[in-house]
Amino acid sequence: MVTGWAIDEPLLEQEALRLRVVLVRHGESDWNGEGRIQGHLGGGLTGRGHDQAATTADFLTRAYRVPDAVLASDLPRVLQTAAPYADRLPGAIALRPDPRLREVDNGTWSGRLIADVAGAEADTIERIRGGQDLPRGGGERMAELSARVQSAIADLAAETAQEHRAGERLVVAFSHGGPIRMATVAAVGLPSSGYRAVRGAGNCSVTELEYWVGTDGAVLASRLVSANSAHHLGAGAGAAPTD
């Protein structure tokens, strides 16, 4: 019995291997609460952030099968978010820290209040809002963030081809708002500058991406399954001002 309209699929099932990546943003951090720019710096989660992480771990274990791999940015706020979920998994599934999943490097802006940077760096911020991809606080450009995120995705695709098994390979990856936005725009075929078309991810929100992978490990097609879903957290689970 035909249950779907296959012509709308990017590729027919038999033509490629399947990789699904579930991206989870970290819970509320200390600097989120203080309105500070984080980037590669910042501490751990607030009490609310720890509660969000526990609730998200419960949701992920209910909503998905045991994943084939679990990745996380190596920054404290993300590792603390991933820990409750990793603790629920079989011992054979080890959490893999990956610095490529870090937030964009905000350089000297990191640790400063958003309001202070907005005032002191008004010209640079205006140019960024106008479409220029400038290093943030002397740190990274968004295109550089996109490149390292896509490098991580490419490695996951290569691993999928190496396994070459029937069914779908499932990866859960804990990260930050910036990398999740960049992975999303790339999956739907937008350039790195297209991140403005994607709303920033809320704390502990879940975004799903799907990839079709050739037997040589190349990504043949990709699409967005769902974005910035935080229904498991209940009311008041909006995006935090900084990542």
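Which residue in β3 stands opposite V70? The residue is L95. This is a predicted model, where local features need pLDDT of at least 70, side-chain atom pairs count only at pLDDT 80 or more, and totals for chains, interfaces and linings use all residues. Residues are numbered from 1 along each chain as its sequence is written, and side-chain values use heavy atoms, with hydrogens and water left out.

Strand β2 covers residues 69–72 and pairs with β3 in the parallel sense, over three bridges. Strands here are DSSP runs of E with at least two residues; helices are runs of H or I with at least four; both are numbered from the N terminus. Two strands pair if DSSP finds at least two bridges between them.

Now step back to the sheet. It is open, has six strands and runs in the order β3-β2-β4-β1-β5-β6, with mixed pairing. β3 (95–97) and β6 are the edge strands, and each pairs on one side only. From one strand to the next, the twist averages 20 degrees. Angles run from 0 to 180 degrees between N-to-C directions, and axes are lines fitted to C-alpha atoms, for helices over the stretch in contact.

Helices pack on this sheet. α6 (residues 142–163) touches β1 (17–25), β2, β3, β4 (168–175), β5 and β6. Its direction makes about 140 degrees with that of β1. Contact means heavy atoms within 4.5 Å. α7 lies across β1, β4, β5 and β6, and runs at about 40 degrees to β5.

Next comes the loop between α7 (177–187) and β5 (206–213), where L190 is found. L190 is partly exposed, at 38% relative accessible area. Buried means under 20%, exposed over 50%, and partly exposed in between, with a 1.4 Å probe and protein chains only. L190 forms a nonpolar surface patch with V188 and L224, with about 220 Å² of accessible area together. Patch residues have over 30% relative accessible area and no salt bridge; nonpolar side chains (Val, Leu, Ile, Met, Phe, Trp, Tyr) are joined within 5 Å, like charges within 9 Å. A salt bridge is a side-chain nitrogen of Lys or Arg within 4 Å of a carboxyl oxygen of Asp or Glu. Areas come from the Shrake-Rupley method with a 1.4 Å probe; for residues, only the protein chains shown count as cover.

C204 sits in the loop between α7 and β5. C204 is buried, at 0% relative accessible area. Its phi is near 60 degrees, a positive value in a residue other than glycine. Most residues other than glycine have a negative phi. N228, in strand β6 (residues 219–229), also has a positive phi, near 55 degrees. N228 is partly exposed, at 23% relative accessibility.
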